[in-house]
Amino acid sequence: MATETLTLGKALNTGLRRALENDSKVVIMGEDVGKLGGVFRITDGLQKDFGDQRVIDTPLAESGIIGTAVGLAIRGYRPVCEIQFDGFVYPAYDQIVSQVAKMHYRSGGRLNIPMVIRIPFGGGIGAVEHHSESPEAYFAHTAGLKVVTCANPQDAYVMIQQAIASDDPIVFLEPKRRYWEKGQVDLDAPLSDAYPLHSARVVRPGTDVTVLAYGPMVRTCLEAATAAAEDGRELEVIDLRSLSPLDLSAAYESVKRTGRVVVVHEAPSNIGLGAELAARITEECFYSLESPVLRVTGFDTPYPAARVEEEYLPDLDRVLDAVDRTFGW
Amino acid sequence: MVLGRRFDTQATALTKQGRLAVYPSSRGQEACQVGAVLAVRDTDWVFPTYRESMALVARGIDPVDVLTLLRGDWHCGYDPTAVHTAPQCTPLATQCVHAAGLAHGEAYQGRDTVALAFIGDGATSEGDFHEGINFAAVFKAPVVYFVQNNRYAISVPLSRQTAAPSLAYKGVGYGVPSEQVDGNDPVAVLAVLTRAVEHARAGKGPFLVEAHTYRMEPHTNADDASRYRDGAEVDAWRDRDPVARLETYLRARGVLDDAAIAEIADQAEAYAADLRTRMHEQPVVDPLSLFDHVYAEPTPQLIEQREQVRAELAAAHDEEGDA
């Protein structure tokens, strides 16, 4: 079994390479994805090996990238579009929510849009404005789109391939601050046997408090769980992985045991994923809850300047504080 | 064109009868609507807007399927892949980028498909017009952008859309050959578009055509055109009626006589009568169809919501039975 240690970024690169090898209809397109290999090098070396017709440097125009990919998808291609940074996706927002999301519905199921929109998201890398945002709620709110995010190299490698193989359009959020973190990746396991794309996963079992997170916050929560264990509290950490559709079966099962829930995300709290999670858990687990569902999130501000982003981002202390508060009811 | 106009008149009547939710007429634009479709092959792809109902009928699509959108049965009544025609675009200019992508993909497969994107004068102000034509130019994608400049975007005149000397002028900045044509002259429209399509098919990249025409009717049946344009202007364009002009031309050439005109009129009446009959049938739309086709692979949440509505309908049905 070929298991290698890869960074999350390299795991994505390897997954994209696999997809290009396995399906001639897969094309990668975006700004600087060719010779440069993308600003984060996620497409590094792919144009060299697959040519400039399959790894396409496009004009600098996000709506154009997504819109031309719609045209390609109508004729059976599987476009994988890279949006360079989260804060640059909005010029393409109309194409994504009005065209990509609705084409299958409008056409009565006759046109599939098997497109993947890759977006590096979240903060923590000291970037300037428009480079650190968490826009997942905009897309998860939109019928017709699916939204997933990976939190470790193994999932990055598998999930990007599963997303490309899906016949539905998928917004694939990549936790950019975790691109350089390493993990074991099984490169040989067949995709057909892989853990389902739209399923959440318990990444650390525990008995006292259920912690729900995704993307860059999964690691933060795992670190919080390690720290909590030293204080004698066992946190069960669930990586949601799929933000639309949400798979909360593991969360419900967990909450019915623990009675306490903390939801963690970088995006602002107002009308965010955490609100949806809290509502559903309350509906499903009302009589099991020992305390309200608590949220640890970014604040309801624009993403701040790099010098103060550490104050904005949820961290281990804030997660542990929320865990403590679940015992105060 | 006579048939297209009769279709258009019938659709307007169906709207007044409440059988269509809304109808955007293309009366006065027959030369553009029919000429453009005649310039492409069945295997080429057409990207229409909501005003292209007449063009879709000219393309041979069943008029009932064309009116599905406007009747509110579904968002698109025809199979886009079967008739090589995208669903009608309502937000405007969004189809410009789709056409570029589709044409590029076809060329990459070695096929000689051309994409014909319809747009109006107002839509040339949209960002996607710019992005689409620019992508097509950079990729040398075989797209013909056909701008029907009918002088108004609902109420807003051309002078509020652009300061460019013409809309064709916009193509110059993208390195795209661009021409203007009298959009009420069907022979000219067909000639210019045929050349544009040949240019694209030959692998020379996109082509922009601006046709000068006029929307004789309001934007839709819900619009009041008298608020923004005067009768004298409309009358001046009525004198350039494309159907009358073609008739005059063909009569002068000796290829059309009263008998032929009567026969064409009869055909158009029969076509309208058939459409009327079929549109008078009340369509049965399954309420549960609202959940269909959101995804290729439905989500658990949608299956749950569908079940909720199914149960509500079943309960309502039982109550009716009891009563």
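Colleague: What domains does the assignment give for chain B, and how many Å apart are their C-alpha centres?
Modeller: This is a predicted model. In chain B, the domain assignment gives domain 1 as 2-280 and domain 2 as 287-322. Between the C-alpha centres of these two domains of chain B, the distance is 38 Å.

Colleague: Which domains does the assignment give for chain A, and what separates their centres?
Modeller: Chain A is assigned domain 1 at 3-190 and domain 2 at 201-325. Taken over C-alpha atoms, the separation of the centres of domain 1 and domain 2 of chain A is 26 Å.

Colleague: How many residues of chain A and of chain B are in contact, and what area do the chains bury between them?
Modeller: Contact here means heavy atoms within 4.5 Å. On that rule, 44 residues of chain A touch 41 residues of chain B. Carbon and sulfur atoms account for 59% of the buried area. The area buried between chain A and chain B is about 3,500 Å².

Colleague: Which residues of chain A lose the most area to chain B?
Modeller: Three residues stand out, together giving 22% of what the chain A side buries. They are R75(A), Y105(A) and R106(A).

Colleague: Which residues form the salt bridge across the interface of chain A and chain B?
Modeller: The rule finds one salt bridge across this interface. The cut-off is 4 Å between a side-chain nitrogen of Lys or Arg and a carboxyl oxygen of Asp or Glu. The closest N and O atoms of the pair are 2.9 Å apart. The partners are E106(B) and R75(A).

Colleague: How many residue pairs are in polar contact between chain A and chain B, and which element supplies the largest share of the chain A side?
Modeller: Between chain A and chain B, 25 residue pairs are in polar contact, both residues being at pLDDT 80 or more. On the chain A side, β3 (55-57), α3 (62-74), α4 (93-100) and α5 (103-106) each supply at least two residues. The largest share is 10 residues, and the element is α3(A).

Colleague: What is the make-up by class of the side of chain A that touches chain B?
Modeller: Nonpolar residues number 15 on this side of chain A.

Colleague: What does UniProt place at residues 6-181 of chain A?
Modeller: Over residues 6-181, chain A is 36% helix and 18% strand. The end C-alpha atoms of that stretch are 8 Å apart. The UniProt record, an unreviewed entry, gives the feature as "domain: Transketolase-like pyrimidine-binding".

Colleague: What area is buried between domain 1 and domain 2 of chain A, and how many salt bridges are counted there?
Modeller: In contact are 27 residues of domain 1 of chain A and 24 residues of domain 2 of chain A. The area buried between them is about 1,900 Å², with 54% from carbon and sulfur atoms. Between these domains of chain A, the salt bridge count is four.

Colleague: Which element gives the largest share of the side of domain 1 of chain A that touches domain 2 of chain A?
Modeller: Across this interface, 14 residue pairs are in polar contact, both at pLDDT 80 or more. From domain 1 of chain A, α6 (136-140), β6 (146-149), α7 and β7 (170-175) each supply at least two residues. The largest share, four residues, comes from β6(A).

Colleague: Which parts of chain A does the pair R241(A) and D155(A) tie together?
Modeller: R241(A) forms a salt bridge with D155(A), with the closest N and O atoms 3.0 Å apart. R241(A) lies in the loop between β11 (235-239) and β12 (242-244) of chain A, and D155(A) in α7 (residues 153-165), so the pair ties together parts 86 residues apart in sequence.

Colleague: Where in chain A is P245(A), and what is the peptide bond from S244(A) to P245(A), cis or trans?
Modeller: P245(A) is in the loop between β12 and α9 (249-258) of chain A. Most peptide bonds are trans. For the bond from S244(A) to P245(A), omega is near 0 degrees, and the bond is cis.

Conventions:
Residues are numbered from 1 along each chain as its sequence is written. Chains are lettered from A and ligands numbered from 1 in the order in which they are written. This is a predicted model: local features need pLDDT of at least 70, side-chain atom pairs count only at pLDDT 80 or more; totals for chains, interfaces and linings use all residues. Side-chain values use heavy atoms; hydrogens and water are left out. Domain bounds come from an automatic or database domain assignment. Buried area is the accessible area (1.4 Å probe) that two parts lose on being put together, summed over both. A polar contact is a pair of N or O atoms within 3.5 Å; within protein, one must be able to donate a hydrogen and the other to accept it, and residues adjacent in sequence count only if both atoms are side-chain atoms. Ala, Val, Leu, Ile, Met, Phe, Trp, Tyr, Cys and Pro count as nonpolar, Asp, Glu, Lys and Arg as charged, and the others, Gly among them, as polar. UniProt positions are given in the numbering used here, feature names are shortened, and annotations may be inferred rather than shown by experiment.
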